[in-house]
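The following exercises are to be worked with the sequence and the model at hand. Each task is followed by a stepwise solution.

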Amino acid sequence: MPKSKFKSYLINLAAAACVYLVFYLIFSNGLVSRTFIDLFTLCCIFSIAAVSLNLSTGLLGELNLGHAGFMSVGAYTSALITLSADSPGNIPILFVSLIAGGLMAALSGIVVGIPAFRLRGDYLAITTLAFGEIVKVIMRSMKITGGGQPLTGISLDTTYTMGYWVLIITIIVIYTLIRSSHGRAILSIREDDIASEACGVAVTRYKLIAFSLSAFFAGVAGGLYAHYQGVLEPSFFDYNQSINFMVMVVLGGIGSLTGSVISAFFLTLLPELLRGLAAYRTLIYSAVLILLMLYRPEGLLGQKELSQRVIGNLFRRVKREESPPSSGVGGSSVTPQENIPVSGSAERKADSDLRERTGTSSGTPEEPLERKWKGRR
Amino acid sequence: MALLEVNNLTLRFGGLIAVNDVSFTVEDGSITGMIGQNGAGKTTIFNLLTHVYQPNSGTVILDGEIMKGKKPHQAVARGLTRTFQNIRLFRNMPVIDNVKVGFIYQGKYSVPAGVFRLPSYWREEKSIHEKAMELLQVFDLDPYADYYAGNLPYGQQRQLEICRALATNPRVLLLDEPAAGMNPSETEALMERIDAVRERFSIAILLIEHDMKLVMGICDKIVVLNYGCVIAEGIPENIKKNKEVIDAYLGCEV
């Protein structure tokens with residue numbers, strides 16, 4: 001392992017631990033109410049679902065409208081295991097049940113995926129949409145899952161610590177997968193599946209890998225949800241919930257894992273924060289969504305990740321702006337460095353887009369290329 | 001024996017016979033050109049060679065082995081890689097990653113090894129990176145390794161596509177109109193580069209092209225198609241003089 005990589009892994013892990021420590025101090029000292037702690041847990045669970053949906057939709061590029069269905073499979077599997085074990089508070093059993101729930105969801109993902117991936121285009125969206133509804137009906141009709149009645153008596157074992165660290169593990173696994181040769185294959189399928197196949201990528205196989213991994217984490221999120229809520233109702237995991245996750249992914253930036261986390265927190269907290277406004281709640285919620293899509297159509301973070309490198313760049317930039325008197329008046333020039341996420345509006349991006357297009361068509365390749373954005377590496 | 005042998009290949013789309021009893025050979029280390037009018041079936045033959053379509057009859061034999069397969073990636077694994085007439089790059093991926101995708105058959109490590117960053121990941125990634133940079137250097141694309149592929153100028157995008165195809169370590173490289181949309185000087189540079197690639201990687205190249213200067217200039221052999229049939233096959237000098245080819249495609253000027 002190269003030293004620089006090792007260092008950056010350590011820094012990222014330390015950052016995750018620091019964030020956890022902050023929340024731990026806040027929560028354990030009773031600075032916020034119990035409701036808020038529960039809300040944080042829910043945010044983490046939804047983040048896991050959103051990040052895993054991002055793998056199949058944002059990174060693999062297949063529209064998945066039945067993500068809540070996979071969550072449902074995981075939730076019921078996990079709940080039934082802990083119910084039959086009948087040992088509330090037993091963490092190892094809970095973990096086994098979470099993984100079993102994830103595997104069950106992954107299995108159903110493979111079952112849905114094998115026929116659907118033989119087709120091209122939007123068929124997967126329709127298939128997964130149907131899958132979500134079928135799961136709902138099955139959970140309603142089977143005796144073991146309550147048979148029309150909610151499944152009750154699940155021990156409330158999911159803590160915010162667990163939610164947070166499972167979320168971190170999810171992000172790490174998906175991130176490292178994407179930054180490997182298998183991940184490049186997955187991304188290339190999103191970009192152009194025909195070219196990808198022509199490069200020797202076994203497209204169906206990689207689609208199944210990504211899709212089942214996405215379903216696996218949805219199942220884990222479902223298991224966490226079951227032990228967070230204590231009661232499972234099939235109707236919770238319906239079409240609306242799937243769309244809700246999809247909104248989180250689109251809002252956070254399709255292909256950005258950290259973006260999904262931010263928007264999952266935002267969209268879960270927003271309705272709660274607006275609770276006082278009662279009637280206007282849904283109005284503001286939808287207005288915020290529309291405004292965000294208008295002014296940041298690529299999502300909050302676009303395709304970028306909020307990593308230690310990006311934050312480092314941001315600091316360096318702030319420093320640079322502070323020290324010398326700036327040369328340009330009011331940001332009139334577009335430099336590649338300005339394309340760090342968080343800053344930069346859609347218009348500015350469009351402007352630089354235009355410059356690039358005109359730059360490339362002028363026929364002198366060397367000079368205008370200098371102005372082009374650098375890739376992530 | 002020829003490296004690539006195409007025997008009596010036929011493909012029908014309903015009543016239309018797109019490729020009709022086509023046979024030709026590609027010798028090892030040679031450049032073979034394929035010319036013909038639009039709709040003559042040139043790209044369809046490429047699609048047949050790379051398993052995008054299944055032929056109704058006929059066989060493709062690569063190095064003595066009959067090419068059987070249902071998926072394009074299986075053709076790549078055997079050593080037949082193609083580029084596309086309309087550029088198909090992974091536009092939102094860095095240039096170097098475009099090339100690295102082509103290395104999927106070499107430098108293998110398992111999915112868990114990639115996720116958990118096991119030693120095989122670091123070893124293979126390092127060698128993939130070095131090999132990808134080496135390939136980019138051949139095409140003078142190494143200064144742009146970190147740029148998004150979609151941001152490269154047109155000519156370089158074309159070169160990157162060839163570069164990516166070479167990453168799959170092909171034995172026969174199929175180029176579908178590599179000079180399309182290029183100006184004469186760019187075409188000339190491309191000609192030289194294709195020739196250099198053939199020598200450096202010691203591979204056979206089969207190319208479709210409408211630019212007669214390029215085709216006549218670098219091809220060792222030319223196959224002429226008309227309405228799905230091979231009407232002539234031979235060295236450029238003979239093709240230029242062939243009456244049937246002049247009537248069907250070249251016109252009287254050449």
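**Exercise 1.** How many of the five residues of strand E8 (residues 204–208) of chain B are buried?

*Solution.* The structure is a predicted model, in which local features need pLDDT of at least 70 and side-chain atom pairs count only at pLDDT 80 or more, whereas totals for chains, interfaces and linings use all residues. Residues are numbered from 1 along each chain as its sequence is written, and chains are lettered from A and ligands numbered from 1 in the order in which they are written.

Step 1. Strands (E, at least two residues) and helices (H or I, at least four) are DSSP runs, numbered from the N terminus. A residue is buried if 20 or more other C-beta atoms lie within 10 Å of its own, exposed if 12 or fewer, and partly exposed in between, with C-beta atoms placed from the backbone.

Step 2. Five of the five residues of E8(B) are buried, so the strand is largely enclosed by the rest of the structure.

Step 3. B:Ala204, B:Leu206 and B:Ile208 point one way from E8(B), and B:Ile205 and B:Leu207 point the other way.

**Exercise 2.** Describe the pairings of strand E4 (residues 57–62) of chain B.

*Solution.* Step 1. Strand E1 (residues 4–13) of chain B pairs with E4(B) in the antiparallel sense over five bridges, and B:Leu4 stands opposite B:Leu62.

Step 1. E4(B) is also antiparallel to strand E5 (residues 65–66) of chain B, over two bridges, where B:Leu62 faces B:Glu65.

Step 2. The hairpin of E4(B) and E5(B) has two residues between the strands, and B:Asp63 takes a positive phi near 55°.

**Exercise 3.** Is helix H1 (residues 42–49) of chain B largely enclosed or exposed?

*Solution.* Step 1. Eight of the eight residues of H1(B) are buried, so the helix is largely enclosed by the rest of the structure. Among them are B:Lys42, B:Ile45 and B:Phe46.

Step 1. After H1(B) comes B:His51, with a positive phi near 65°.

**Exercise 4.** Characterise the contact between chain A and chain B.

*Solution.* Step 1. In contact are 33 residues of chain A and 38 residues of chain B (C-beta atoms, placed from the backbone, within 7 Å).

Step 1. On the side of chain A that touches chain B, H7(A) gives the largest share, seven residues.

Step 2. That side divides into 15 nonpolar, nine polar and nine charged residues. Ala, Val, Leu, Ile, Met, Phe, Trp, Tyr, Cys and Pro count as nonpolar, Asp, Glu, Lys and Arg as charged, and the others, Gly among them, as polar.

Step 3. The predictor gives the complex an ipTM of 0.90 and a pTM of 0.85.

Conventions
Two residues are in contact if their C-beta atoms, placed from the backbone, lie within 7 Å. Two strands pair if DSSP finds at least two bridges between them.
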